[in-house]
Amino acid sequence: MGRDVSESCIDSLLTEMVSTYCNRFYANKPELAARRTEAIGYQVGHQLSERYTMERPCFSDHLEAIKFICKDFWFELFKKQIDNLKTNHRGTFVLQDNRFRWLTRMSIDQSPENGTSEELSIMADNKTMQSMHLYFPCGIIRGALSNLGIPCAVSADISNLPACSFVIRIKA
C-alpha cells in the first residue's frame with residue numbers, strides 16, 4: 001500500500017512540475033521549460049546514482065555503466081528493468097521501455113483520420129505535453145551517467161505509447 005501512494009505522488013509531482021513550467025513560468029518559451037525540467041531531472045539522477053553506487057566498485061567501461069542504468073538503476077526507479085538495450089558500439093545506446101510508467105496514464109488516441117481542426121489541435125497539444133514529460137527522465141539518465149563519469153546527451157522517442165525509447169549519445 002505504501003508503495004502505491006508514493007508512486008501516485010511522484011506521478012502527480014511530475015505532472016504538476018511540467019504543467020507549472022509549461023503554463024506558468026515559461027508559457028511562451030517551451031524550450032526554456034524543457035531545459036529547466038531536464039535540469040531538475042539531471043540533479044535527481046545525479047544524486048540517485050550517487051546513492052545507488054555508493055558501495056559498488058567503479059565501472060570499467062561505458063557498456064557496464066549503461067547496463068547498470070538498464071538493470072539496477074531502472075529497477076530502483078520503476079520496479080522493473082529496461083525491456084531492451086541496443087547499441088551501435090560507437091557510443092550510441094537505445095534503451096527501450098515497452099510500458100514506461102510515467103506515460104501509461106496519458107491518452108494514446110493518435111488517430112488523425114477525419115478529425116476536425118479542433119481535434120487535431122488538441123492532439124498536437126497532447127503530443128507536446130507528452131514530450132515535455134520526457135525531459136525529466138532524460139535528465140535523470142543524463143545526471144546518473146554524468147555521476148558515473150560519462151558525459152552524454154539523452155533524447156526520447158514516444159512514437160508508440162506507452163512505449164518509450166531513450167537514446168543516449170556518449171560525448172567524446
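Which residues does Ile-168 touch, not counting residues up to four places away in sequence? In this predicted model, the list includes Ile-66, Gly-91, Thr-92, Phe-93 and Leu-95.

Ile-168 belongs to the largest nonpolar core, which has 33 residues. Within that core, Ile-168 is among the members that touch the most others, along with Phe-73, Leu-95, Phe-100, Leu-145 and Phe-166. Five elements are named as giving two or more residues each: helices α3 (62–78) and α5 (135–147), and strands β2 (92–97), β3 (152–157) and β4 (164–170). The largest share comes from α3, with nine residues. There is also a second, separate core of five residues. Val-18, Cys-22, Ala-33 and Ala-34 are included in that second core.

Now turn to the aromatic rings. The count comes to eight aromatic pairs. One of them joins Tyr-52 and Phe-73, with ring centres 5.8 Å apart and planes at 65°. The pair is edge-to-face because planes over 60 degrees apart count as such. Tyr-52 lies in helix α2 (residues 30–52) and Phe-73 in helix α3, so this pair ties together parts that are 21 residues apart in sequence.

Phe-73 has 0% relative accessibility, so Phe-73 counts as buried. Tyr-52 has 22%, so Tyr-52 counts as partly exposed; the cut-off for buried is under 20%. Both residues belong to one aromatic cluster, together with Phe-59 and Phe-68.

Note on methods
Residues numbered from 1 in each chain as written. Predicted model: local features only at pLDDT ≥ 70, side-chain atom pairs only at ≥ 80, totals over all residues. Heavy atoms only, no water. Core = buried A, V, L, I, M, F, W, Y, C linked by side-chain atoms within 4.5 Å. Buried < 20%, exposed > 50% of the residue type's maximum accessible area, 1.4 Å probe, protein only. Helix = DSSP H or I, 4+ residues; strand = E, 2+ residues; numbered from the N terminus. Contact = heavy atoms within 4.5 Å. Phe/Tyr/Trp six-rings, centres within 6.5 Å; stacked < 30°, edge-to-face > 60°.
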